Amino acid sequence: MSHTKRLLSLSTALAIAVPSLAFAEPSAELIEAAKKEGMLTTIALPHDWCGYGEVIASFKAKYPEIQVNELNPDAGSADEIEAIKANKDNKGPQSPDVIDVGLSFGPSAKAEGLLQPYKVSTWDEIPDTIKDPEGYWYGDYYGVMSFFVNKDLVENTPKDWADLLKPEYSGQVALAGDPRASNQAILGVLAAGLGKDAKAGKEAGEAGLAYFAEMNKAGNFVPVIGKSGTLAQGSTPIIIAWDYNALGWAKTLNGNPPTEVVVPEKGVLAGVYVQAISAYAPHPNAAKLWMEHLYSDEGQLGWLKGYCHPARFNAMVKAGKIPQDLIDALPPAESYEKAYFPTLEEVDANNAAVTGAWDSVVGANVQ
């Protein structure tokens with residue numbers, strides 16, 4: 001089976017949408033209205049996450065009249081929601097227009113009245129399983145949970161979740177966020193629970209908490225938010241993170257130190273992120289234009305260059321729009337074949353279990 005076909009077959013978990021191959025472009029009216037607003041405020045978009053640096057740069061190049069105001073690149077999903085709430089009555093530069101959050105945060109933000117609906121021109125190519133039918137939130141990309149390893153400091157690369165509990169990894173393992181607020185870290189706990197054969201949802205959340213409590217007690221867990229810098233400095237030689245972040249960091253570090261990215265053998269968790277526009281967006285037209293950019297072929301390929309599987313991946317593969325070199329740059333397709341896509345209910349139940357009991361069960365203050 002060809003690499004492309006394999007990738008297609010493994011991502012049918014995302015329910016392939018029938019591609020409408022119409023050339024989709026934002027309307028002249030929308031572009032004009034966005035230029036008049038002259039600004040777009042984003043939040044929580046680190047440039048080395050999913051190729052965002054290049055995606056933002058290409059938006060600026062396309063629309064030089066729109067200034068991109070980037071708030072708090074290192075914020076977690078919960079912080080993004082708080083930023084909307086805190087700035088409801090404020091049309092100033094601290095009020096985000098758009099958010100990019102973990103799957104479970106989309107429906108909860110919609111329920112709280114924090115989002116406004118918008119359907120991009122390529123809407124039909126976003127799989128139904130990862131979008132709100134009314135257009136309040138929509139899946140943008142997904143990846144799988146992986147281990148990012150500093151090979152200067154870690155002689156034996158861990159292959160699975162059970163390995164991380166071994167004495168040889170004392171003081172070496174970190175999460176890429178605070179599990180009380182960061183979607184990536186919360187799902188890192190869920191993945192560990194799946195690695196213990198627990199059922200996705202509350203059960204896996206609780207099993208994951210027990211796993212991290214054991215790791216913390218053994219002295220292997222480091223309560224530091226892991227990123228490329230902490231890995232290079234040696235304070236977090238092993239980081240549990242999305243594959244696209246690990247691959248992006250590896251590219252940035254460029255062999256100094258040498259690194260390895262491992263998709264675990266068990267508990268391969270796929271995580272979908274979603275986009276949405278704030279109900280209180282000071283620049284609603286710029287926000288819509290940003291969404292058009294993200295879901296255009298150019299935007300989707302920008303994420304793929306950042307090692308993410310974009311939402312329109314299946315439709316674009318079918319339409320022959322994805323260069324082979326981008327597919328070849330991803331870890332082998334086999335790594336994704338075991339990937340489990342949790343339902344929204346499972347993600348929610350896990351989220352509640354982990355954020356509610358991390359302090360009491362694990363007791364490590366990650367910062």
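The model is a prediction in which local features need pLDDT of at least 70 and side-chain atom pairs count only at pLDDT 80 or more, whereas totals for chains, interfaces and linings use all residues. Residues are numbered from 1 along each chain as its sequence is written, and side-chain values use heavy atoms, with hydrogens and water left out.

Two packed helices are described by the angle between their axes and the distance between the axes. Here axes are lines fitted to C-alpha atoms, for helices over the stretch in contact, and angles run from 0 to 180 degrees between N-to-C directions; helices (H or I, at least four residues) and strands (E, at least two) are DSSP runs, numbered from the N terminus. Helix α6 (residues 183–195) packs against helix α7 (residues 202–218) at an angle of about 95°, the axes being 7 Å apart. The two helices α6 and α7 are therefore roughly perpendicular to each other, on a scale where angles under 35 degrees count as roughly parallel, over 145 as roughly antiparallel, 65 to 115 as roughly perpendicular and the rest as oblique. On the α6 side the contact is made by Gly188, Val189, Leu190, Ala192, Gly193 and Leu194, and on the α7 side by Ala204, Gly205, Ala207, Gly208, Leu209, Tyr211 and Phe212. Nine of the residues in this contact of α6 with α7 are nonpolar, four are polar and none is charged, where Ala, Val, Leu, Ile, Met, Phe, Trp, Tyr, Cys and Pro count as nonpolar, Asp, Glu, Lys and Arg as charged, and the others, Gly among them, as polar.

Helix α6 also packs with helix α15 (residues 344–361), at an angle of about 105° and with the axes 10 Å apart, which makes α6 roughly perpendicular to α15. In this contact Ile186, Leu187, Val189 and Leu190 of α6 meet Asn350, Asn351, Val354, Thr355 and Trp358 of α15, and by class the residues comprise six nonpolar, three polar and no charged.

Across the whole structure, a search finds 21 aromatic pairs, for which rings of Phe, Tyr and Trp (its six-membered ring) pair if their centres lie within 6.5 Å, planes under 30 degrees apart counting as stacked, over 60 as edge-to-face and the rest as tilted. Trp49 and Tyr244 form an edge-to-face pair, 5.7 Å centre to centre and with 70° between the planes. Because Trp49 lies in the loop between β1 and α3 (52–62) and Tyr244 in helix α9 (residues 243–253), the pair ties together parts that are 195 residues apart in sequence. Both count as buried (under 20% relative accessible area, with exposed over 50% and partly exposed in between; 1.4 Å probe, protein chains only), Trp49 at 15% relative accessibility and Tyr244 at 0%. The rings of Tyr211 and Phe212 have centres 5.3 Å apart and planes at 85°, so this pair is edge-to-face; Tyr211 is buried at 2% relative accessibility and Phe212 at 0%. One aromatic cluster is formed by Trp49, Tyr52, Trp123, Tyr138, Tyr141, Trp242, Tyr244, Tyr273, Tyr295 and Trp303.

Trp303 is also among the buried residues of helix α11 (residues 297–305), together with Gly299, Gln300, Leu301, Gly302 and Leu304. In strand β1 (residues 39–43) lies Thr42, which counts as buried at 1% relative accessibility. Leaving aside neighbours within four places in sequence, Thr42 is in contact with Val68, Asn69, Glu70, Leu71, Val98 and Trp290.

Most residues other than glycine have a negative phi, and most peptide bonds are trans. Just after α11, Tyr307 takes a positive phi of about 70°; Tyr307 is found in the loop between α11 and β10 (309–310) and, at 14% relative accessibility, counts as buried. Asp197, which is not a glycine, likewise has a positive phi of about 70°. Asp197 lies in the loop between α6 and α7 and, at 60% relative accessibility, counts as exposed. A cis peptide bond, with omega about 0°, joins Asn256 and Pro257, and Pro257 is found in the loop between α9 and β8 (259–262).

How values were computed. Contact means heavy atoms within 4.5 Å.
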